[in-house]
Amino acid sequence: MEVKYETQVTAVGKDARSFLDSNSSFILMDADLKPSLADMVVQHTVKEVLGDIVEGDKLQVGNTDFTVVSVGADVMKNLANGGHCTVVINKPATMPGQVAVKGSIPPRLRPGDVVKFYAK
């Protein structure tokens, strides 16, 4: 397994869970980048990007695995500069900062969960 980006959730904003339920997506972001958005995002500690995320890669959130379907043009730059991207589940990505993934269930999103993009 080639890990391309791995981090740990430090906090889940009070609106992040409802955003996941209503929009089938969540926003990963370093809370230090824009503290005013903390209620809306899944906060984590920014780590080094070790490889480009591409279609066919896997995303693991806690114990749930997804397959990457598409990667927006700005995802890699945003991850490297602030650990920011939006993960869209079982829907198409429509913005350059979004990663579309497919899988059977949405993640629970809890502090302490590992979020990992990897090639199998």
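I began with D30 in this predicted model and placed D30 in the loop that runs between β2 (25-29) and β3 (42-44).

I then asked which side chain of opposite charge is nearest to D30. It is K47, 11 Å away, and D30, although buried, has no salt bridge; for that label I kept in mind the cut-off of 4 Å between a side-chain nitrogen of Lys or Arg and a carboxyl oxygen of Asp or Glu. Setting aside the neighbours within four places in sequence, I listed the contacts of D30 as H44, V46, G82 and G83.

Next I followed β2 into the sheet. I found 8 strands that close into a barrel with mixed pairing, in the order β1-β3-β2-β6-β7-β5-β4-β8, and neighbouring strands are turned against each other by 35° on average, direction ignored. Between β2 and β6 (residues 85-89), which run antiparallel, I noted 4 bridges, and F26 has V87 as its bridge partner in β6. Helix α1 (residues 16-23) packs on this sheet, where it touches β1 (2-12), β2, β3 and β6, and its direction makes about 140° with that of β2.

Last, I looked at the whole protein, which has 2 helices and 8 strands, arranged from the N terminus on as β-α-β-β-β-β-α-β-β-β. The C-alpha atoms fill a box of roughly 35 × 30 × 25 Å along the principal axes, and buried residues make up 45% of the 120 residues. Of the contacts between residues at least 6 apart in sequence, I recorded that 71% join residues at least 24 apart.

Notes: Residues numbered from 1 in each chain as written. Predicted model: local features only at pLDDT ≥ 70, side-chain atom pairs only at ≥ 80, totals over all residues. Heavy atoms only, no water. Buried < 20%, exposed > 50% of the residue type's maximum accessible area, 1.4 Å probe, protein only. Lys, Arg positive; Asp, Glu negative; His and termini not counted. Contact = heavy atoms within 4.5 Å. Pairing = 2+ DSSP bridges. Axes fitted to C-alpha atoms, helices over the stretch in contact; angles between N-to-C directions.
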